[in-house]
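Biologist: Could you walk me through this protein model, one question at a time? I would like to know how each answer is reached.

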Amino acid sequence: MAEQAETLRRTPLSRDRVLRAAVALADEAGIESLSMRNLAQDLGVVPMALYKHVANKDELLDGMIDVVVGEIDPPVPGADWKRTIRERILSARQMLLRHPWAPLAIESRNMATPALLAYLDSMVGTFRAGGFSANLAHHVMHAMGSRILGFSQELFDPARRAGRSGTTSADPPTGLPPEAAARFPHLAEIATAASHDDASVVGQGCDDQFEFEFALDLLLDGIERLRQQGWTSSHRPR
């Protein structure tokens, strides 16, 4: 193991090696641990050596996003649009499970990276090849939102529950306190109506695999009906 580590340290730096080392560091210790100094230490070089391959931390983050987005499976040749979209989205979700820092990194960028743009462009191309008008494809991409990247934004984020003793951001709520349950009976009823698999959660909240696929399939089925109807926003009911 020590010899392998020494061999790796002696391997000449390249942009790809820098980016993959940064991804590994973020995977292991979280995106907040990522710094040029820490990355240089992992690579066994001085920090200035990194700047020959990435101009700054922003460029480093962009490159890291492109590396992980590149892990999403390509379209299956000959598959229909619904199967292709579903399988690629679930592949994106598996990528996020391997790299849980990625959603935050993607959301932090002012502009989408080249690999991310290529992925989104390919998804729109799948809709268009499946018989969608440009108008419907536009609205579908809005409806899919972050789900097209493999995660969903939840209504309530446990990380925001400040000041509650005995709970951490990793502990999902099991129900409402008695006073709140009495005031909001419908929320109290559904709070314990379903269980979640903590091992399949992407980030915080209730974004587990079952809930994700449930919503994804609802969307895809509804989108297929609109496609069959030749729906367009210029003729939608007011």
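This is a predicted model: local features need pLDDT of at least 70, side-chain atom pairs count only at pLDDT 80 or more; totals for chains, interfaces and linings use all residues.

Biologist: How are α6 and α12 oriented to one another?

Modeller: Axes are lines fitted to C-alpha atoms, for helices over the stretch in contact, and angles run from 0 to 180 degrees between N-to-C directions. The two helices pack at about 155 degrees, with their axes 11 Å apart. Angles under 35 degrees count as roughly parallel, over 145 as roughly antiparallel, 65 to 115 as roughly perpendicular and the rest as oblique. That makes α6, relative to α12, roughly antiparallel.

Biologist: How do the residues of that contact of α6 with α12 divide by type?

Modeller: On the α6 side, the residues include Trp81, Ile85, Arg86 and Ile89, and on the α12 side they include Phe212, Glu213, Leu216 and Leu220. Ala, Val, Leu, Ile, Met, Phe, Trp, Tyr, Cys and Pro count as nonpolar, Asp, Glu, Lys and Arg as charged, and the others, Gly among them, as polar. By that scheme the contact of α6 with α12 divides into eight nonpolar, two polar and eight charged.

Biologist: Which helices are included in what covers the buried residues of α12?

Modeller: Helix α12 (residues 209-229) has 21 residues and reaches 30 Å from its first C-alpha to its last, close to the expected 30 Å; the expected span is 1.5 Å times one less than the number of residues. Its buried residues include Phe212, Ala215, Leu216 and Leu220. What covers the buried residues of α12 includes α6 (81-98) and α9.

Biologist: Are α8 and α9 parallel, antiparallel, perpendicular or oblique?

Modeller: The axes of α8 (residues 114-129) and α9 (residues 134-144) come within 10 Å and cross at roughly 135 degrees. That makes α8, relative to α9, oblique.

Biologist: How do the residues of the contact of α8 with α9 divide?

Modeller: Leu120, Val124, Phe127 and Arg128 in α8 meet Ala134, Ala137, Val140 and Met141 in α9. They divide into seven nonpolar, no polar and one charged.

Biologist: Why does isoleucine 85 count as buried?

Modeller: Isoleucine 85 has its place in helix α6. Leaving aside neighbours within four places in sequence, isoleucine 85 is in contact with Met123, Thr126, Phe127 and Leu220. Isoleucine 85 counts as buried because its relative accessibility is 0%.

Biologist: Is arginine 147 buried or exposed?

Modeller: Arginine 147 lies in the loop between α9 and α10 (178-183). Not counting residues up to four places away in sequence, arginine 147 touches Ile89, Ser152, Phe212, Ala215, Leu216 and Leu219. At 15% relative accessibility, arginine 147 counts as buried.

Biologist: How far apart in space are valine 69 and alanine 115, C-alpha to C-alpha?

Modeller: Valine 69 lies in helix α5 (residues 57-69) and is buried, with a relative accessible area of 6%. Beyond its neighbours within four places in sequence, valine 69 is in contact with Met95, Ala115, Leu116 and Tyr119. Valine 69 and alanine 115 are 46 residues apart in sequence, and in space their C-alpha to C-alpha distance is 6.4 Å.

Biologist: Finally, which residue follows α2?

Modeller: Helix α2 (residues 15-29) has 15 residues and reaches 21 Å from its first C-alpha to its last. The residue that follows α2 has a positive phi, near 95 degrees, and is glycine 30.

Key. Residues are numbered from 1 along each chain as its sequence is written. Side-chain values use heavy atoms; hydrogens and water are left out. Helices (H or I, at least four residues) and strands (E, at least two) are DSSP runs, numbered from the N terminus. Contact means heavy atoms within 4.5 Å. Buried means under 20% relative accessible area, exposed over 50%, partly exposed in between (1.4 Å probe, protein chains only).
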